[in-house]
Amino acid sequence: MLTVITHTKLERPELLKRCKDSVAAALPPGGQHLVIECPNRKTWVERRVSDAMEHDLVAFVDDDDYVSKDSFKLCLKAIEKYGLAAACTNEVQVDIDEKPIRDVRGKKTYIDATVHPRVIHHLCVIRGKLIDPRVVEFNDRFGVGIDWFIRQS
């Protein structure tokens with residue numbers, strides 16, 4: 001089943017509470033939400049990969065994010081129906097009062113995702129066992145961001 005992971009420095013408790021509430025409202029039956037403290041970048045990168053690889057289906061939700069109630073359900077349905085390695089949602093960026101600033105929609109392809117990390121920046125449910133363990137090496141070498149390398153693999 002789905003494991004949602006929030007890595008956090010625990011520096012923004014009000015946003016983390018909003019995140020946890022939104023995940024709880026959207027989590028499918030049998031799913032779990034893990035909130036894991038990561039005090040520095042190195043720990044965060046290492047935990048992002050190792051925690052993801054421990055679970056069959058995993059999604060990261062940052063402590064300043066919140067998700068709509070159907071997000072996980074729709075991603076899981078797409079993965080199951082089409083046998084996908086990952087499925088992601090559209091992204092709506094909002095201000096602190098949850099007023100939309102930017103609606104990021106459009107076609108998401110593997111080719112587009114290799115060109116720019118923004119294509120798959122938002123919620124993505126991934127088959128954790130398919131993540132290439134070399135993503136940490138790539139992240140350290142190129143510094144683009146561990147999430148992008150995880151999703152690319």
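A nonpolar core here is a set of buried Ala, Val, Leu, Ile, Met, Phe, Trp, Tyr and Cys residues joined through side-chain atoms within 4.5 Å, where buried means under 20% relative accessible area with a 1.4 Å probe, protein chains only. This is a predicted model, in which local features need pLDDT of at least 70, side-chain atom pairs count only at pLDDT 80 or more, and totals for chains, interfaces and linings use all residues. Residues are numbered from 1 along each chain as its sequence is written, and side-chain values use heavy atoms, with hydrogens and water left out.

The largest nonpolar core has 16 residues, and Leu2, Val23, Val61, Val67, Phe72 and Val125 touch the most other members. Strand 1, helix 1, strand 3 (57-60) and helix 3 (71-82) each give two or more residues to this core; helices (H or I, at least four residues) and strands (E, at least two) are DSSP runs, numbered from the N terminus. Helix 3 supplies the largest share, 4 residues. Another core, of 15 residues, lies apart from it and includes Ile36, Ile126, Val135 and Ile146.

Now the helix pair. Helix 2 (residues 41-53) packs with helix 5 (residues 135-142) at an angle of about 150°, their axes 10 Å apart. Axes are lines fitted to C-alpha atoms over the stretch in contact, and angles run from 0 to 180 degrees between N-to-C directions. Arg41, Val45 and Val49 of helix 2 meet Val135, Val136 and Asn139 of helix 5, contact meaning heavy atoms within 4.5 Å.

Last, Leu10. Leu10 is in the loop between strand 1 (2-8) and helix 1 (13-26), and has a positive phi of about 65° although it is not a glycine.

Conventions: Buried means under 20% relative accessible area, exposed over 50%, partly exposed in between (1.4 Å probe, protein chains only).
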